[in-house]
Amino acid sequence: MNLNEFKETFSKLIGSYEIFILTTHENSDGDGVGAEYALYLYLEMFGKNIRMINNDKPSSQCEFLHIGNKVHTQIKTLDKNAIILMLDFNEINRIGKRLIPLLTSGNQIVRIDHHKKPEAIENCISYIDDTASSTCELVFNIIEDDLPHFPEDVQKKIALALYSGIIFDTNNFANKNVSPRTFEVCAHLNAYGADNHLAYKKLFENRKTKELQLLGLTLSSIEEFHNGKVVMYSTTQKMLQDSGLQIEVTEGFSKDVKPTNGREVVVYIRESGKDTYRVSLRSSYRDVQKIAEYFNGGGHVLASGFRAKMKLADLKSKLLSLLK
Ligand SMILES: [Mn+2]
């Protein structure tokens, strides 16, 4: 559905539904949570009954949005008249196992997303634009005309949530997914009071000393393969246990080694349990989404990830043969 068709349909749905459930993908990130909270505040303006239900509580880096205590992680009862908004993901499984019933129980679904290859989902209305920087940019397109009519404090909260999502997904405007529209949207959000410096500090400069120490150990594990074109590094369970930190703090470590200076593919491996790994792949030009898909994962062409249950040596050698 294009933007105008979607806006028309969405505003009819707002007129006819009272209960709204907002959700994003598991291991929620700044974009998913930002979009979710902005729409929460938006729907509040229409007096709706709204619930945010995610697989996980928002990570600590999103605390400054003050959304955490409003996010639930369980479905208590699912009203058949509730409408479900799926934000920043395009296939049912990405919601996380526990919450799959939200998307399969026949309720009306609205999907807003910027990932490629959306899954066909029953009873679902979609606004998808894979040229957009982020889901937050798309949410701004949807609510842009209504924002001027909201109270200033609400405008400001919505603006901060959306701005944060955009800088999260663009790596503070450094990624290729930035377009003139991204800057235009951010100019508006800044004018509505989004504090760009606050959002940057909270999202990108927020590491505690212990986390920096863990990052140091993780980075010192870097190995080169295929003449330095592929590099791999990892955080092991032992490193985590010694640090006393939870695996969630390593979420951003995949961005600390860039595919530059002759590195074509960067592989970051996190040991999440016995013979169980979360792998993230980043590249400057090679299609790493295909590789993630081989392991039943997904993401974007230049940044994707997957989970694997196998011996580490087997995982590495399979990856290296796929990355020949
Ligand atoms: Mn996103």
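Helices (H or I, at least four residues) and strands (E, at least two) are DSSP runs, numbered from the N terminus. Residues are numbered from 1 along each chain as its sequence is written. The model is predicted: local features need pLDDT of at least 70, side-chain atom pairs count only at pLDDT 80 or more, and totals for chains, interfaces and linings use all residues.

**Exercise 1.** State where Asn 227 lies and whether it is buried or exposed.

*Solution.* 
- Step 1: Asn 227 sits in the loop between β7 (223-225) and β8 (230-235).
- Step 2: A residue is buried if 20 or more other C-beta atoms lie within 10 Å of its own, exposed if 12 or fewer, and partly exposed in between, with C-beta atoms placed from the backbone.
- Step 3: Asn 227 has 8 other C-beta atoms within 10 Å, so it is exposed.
- Step 4: Its phi is near 55 degrees, a positive value in a residue other than glycine.

**Exercise 2.** Describe His 66 in the same terms: its loop, its exposure and its phi.

*Solution.* 
- Step 1: The loop between β2 (49-53) and β3 (71-72) holds His 66.
- Step 2: His 66 counts as exposed because it has 12 C-beta neighbours inside 10 Å.
- Step 3: Although His 66 is not a glycine, its phi is positive, about 60 degrees.

**Exercise 3.** Give the strand order of the open sheet of six strands and find which strands stand at its edges.

*Solution.* 
- Step 1: Two strands pair if DSSP finds at least two bridges between them.
- Step 2: The order is β3-β2-β1-β4-β5-β6, with parallel pairing.
- Step 3: β3 and β6 (124-128) each have a single partner strand, so they stand at the edges and one side of each is left without a neighbour in the sheet.
- Step 4: Met 86 has Arg 111 in β5 as its bridge partner.

**Exercise 4.** Find which strands helix α1 touches, and at what angle to β6 it runs.

*Solution.* 
- Step 1: Two residues are in contact if their C-beta atoms, placed from the backbone, lie within 7 Å.
- Step 2: Axes are lines fitted to C-alpha atoms, for helices over the stretch in contact, and angles run from 0 to 180 degrees between N-to-C directions.
- Step 3: Helix α1 (residues 3-16) packs on the sheet and touches β4, β5 and β6.
- Step 4: The direction of α1 makes about 140 degrees with that of β6.
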